[in-house]
Amino acid sequence: MLLATALLVSAVSAASPPPAPPAAFFAAHREKLAAKLPAGSIAVFHAASAASGASTDPYRQSSDFWYLTGLNEPDSVAVLLRDAGDAAPRFVLFVRPRDFSAEQWTGWRAGVESAKKDFGAAEAYPIDEFWSRFPALAAPAGALSYESGGDEAFGRRLLEAWGSSDPYAGAVRPVSDASPLVGELRLVKEPLEIERLRAASRISAEAHKAAMAAVAPGRGEWDLKAAMVGLCLSRGAARMAYPPIVGSGRNSVILHYERDDEPLADGGMIVNDTACEYGMYASDVTRSYPTSGRFTPEQRKIYDIVLAAQKAGFAAVKPGAAFHEVHDATARAIIDGLAALGILSGDRDELFRSRAYQKFYVHGSSHWIGLDVHDAGSYGFPPGVGRLERYSKAQTKLAPGMALTVEPGIYIPESSTADKRWWNIGVRIEDVVLVTPQGMECLSCDAPREAADVERALGTDRRR
């Protein structure tokens, strides 16, 4: 009964946007960051700029800024000052002041008082006062860490102000990018973050089922996109985690095809890479299936190889494993499968060492996921490693609480093989997994993956 109740509460909570995390959630992140900063230093974080007029999504805050403050407004600056002691950092917020004549056009603002009362700032000031107050805040600091939030002009002016704040200094005070420090904190997820990842993945899996049910003659790529976006928004997602990718036929071999404007290719494969963001946390889910509702023998063979590769990747996800071991497991499974079909030939180990498989498996198996779909955190690549070789050289060790994707794929464009039977078959299967003490938990596997389950899901509309 308790489990059933918990599942019901979880399902209901994912039908609307989640409540804001408690202030302590963000305060803990500030304290952890301060502990990584040099004693007697200052850290400055600029909010993301307001979206351009062309954007149809609501404002989306910089992930690091939100992770440290919880404030979801542009035109804001957060300042952390760490003294030489072990006390919590001094937290100062600069925000837009309350102004109903402006708010009536663009929405309610937190204002200076709420910055202190609701967001935990020890001090808060109007954003227009930042530059006049910064010299006094920076004067006692021996080092600066900062993020510009994508505002390059702010970053340049900040460095100028930092360099000129003490004209009598005997040496240049150091400056560093704060992103790696925050990224290290974000790599291991907390319970609240894990629940939001679960919700985002659960909603995204449900949306994939809706898209599969919408596959029918006369439909277009846009119909599947619409089915998924509509369901995600109706379940409380503020936005999609990235532009939906729904490519059929020859578009199925394009990794980041975003036009989604062609009719479903008769007899072709569909690669549908679409997922939502829930409460700031992203999912990333891909399913591949035939427009006809049934795999052809050739499509099924490629699909089975990719599914076997994903299962091999799943088996490699466990605490202590190096990140590259997940990719390596998927690559070896794809090599074996393509070699059995005659699409690849040669010694198995040499095909792996030479990366010959990348002709058809052109990306890595995994990336971190969390507040961003390609989340912060180091992969442990050696210095200077090239893009195509880094997938097998990522050394970061997996640990409980880390979240990543497992997404092998095979893409066979026209003229890439001597045998035309394989042309324009694209398959990618992608899920979000959480590293657990025992191994891993798949957060998005409610979306059909086994070929027979996929075909049953595709049969829904045809039986109506």
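**Close-up views of a predicted model**

**Figure 1. The sulfur of C276 lies 4.0 Å from the closest cysteine sulfur, that of C232, which is too far for a bond.** The model is predicted.

**Figure 2. C442 and C445 are joined by a disulfide.** A disulfide is a covalent bond between the sulfur atoms of two cysteines. The structure holds one disulfide, and the S to S distance between C442 and C445 is 2.1 Å. Which hand does the disulfide have? The torsion about the S-S bond is about 85°, so the disulfide of C442 and C445 is right-handed. C442 has a relative accessibility of 22% and so counts as partly exposed. C445, at 26%, is likewise partly exposed. C232, by contrast, is in no disulfide, and its nearest cysteine sulfur belongs to C276.

**Figure 3. Helices α9 and α10 meet in a right-handed crossing.** Two packed helices are described by the angle between their axes and the distance between the axes. Here the axes of α9 (residues 191-213) and α10 (residues 221-234) come within 8 Å and cross at roughly 145°. On the α9 side, the residues in contact are I203, S204, E206, A207, H208, A210 and A211. On the α10 side they are L224, A227, M228, L231 and C232. The residues of this contact divide into nine nonpolar, two polar and one charged.

**Figure 4. Helices α11 and α12 pack with their axes 8 Å apart.** The angle between α11 (residues 297-316) and α12 (residues 323-340) is about 155°. An angle over 145 degrees counts as roughly antiparallel, which is why α11 is described as roughly antiparallel to α12. The crossing of the two helices is right-handed. From α11, the contact takes in I302, I305, A308, A309, A312, G313 and A316. From α12, the residues are E325, V326, A329, T330, A333, I334, G337 and L338. By class, 11 residues of this contact are nonpolar, three are polar and one is charged.

**Figure 5. Helices α6 and α7 pack at an angle of about 45°.** The axes of α6 (residues 130-138) and α7 (residues 152-164) are 10 Å apart. The angle makes α6 oblique to α7. α6 passes α7 in a right-handed crossing. F130, W131, F134 and A138 of α6 are in contact with F154, R157, L158, A161 and W162 of α7. Eight residues of this contact are nonpolar, none is polar and one is charged.

**Figure 6. D64 lies in helix α3 (residues 63-69).** D64 has a relative accessibility of 8% and therefore counts as buried. Which residues does D64 touch, leaving aside its neighbours within four places in sequence? They are E147, S179, V182 and R186. V182 and R186 are among the buried residues of helix α8 (residues 179-187), along with G183, L185 and L187. The elements covering the buried residues of α8 include α3, α2 (23-36), β1 (41-46) and β5 (143-147).

Methods:
Residues are numbered from 1 along each chain as its sequence is written. This is a predicted model: local features need pLDDT of at least 70, side-chain atom pairs count only at pLDDT 80 or more; totals for chains, interfaces and linings use all residues. Side-chain values use heavy atoms; hydrogens and water are left out. Axes are lines fitted to C-alpha atoms, for helices over the stretch in contact, and angles run from 0 to 180 degrees between N-to-C directions. Helices (H or I, at least four residues) and strands (E, at least two) are DSSP runs, numbered from the N terminus. A crossing is left-handed if the near helix is turned anticlockwise from the far one by less than a right angle, and right-handed if clockwise. Contact means heavy atoms within 4.5 Å. Ala, Val, Leu, Ile, Met, Phe, Trp, Tyr, Cys and Pro count as nonpolar, Asp, Glu, Lys and Arg as charged, and the others, Gly among them, as polar. Angles under 35 degrees count as roughly parallel, over 145 as roughly antiparallel, 65 to 115 as roughly perpendicular and the rest as oblique. A disulfide is a pair of cysteine sulfur atoms within 2.5 Å. Buried means under 20% relative accessible area, exposed over 50%, partly exposed in between (1.4 Å probe, protein chains only).
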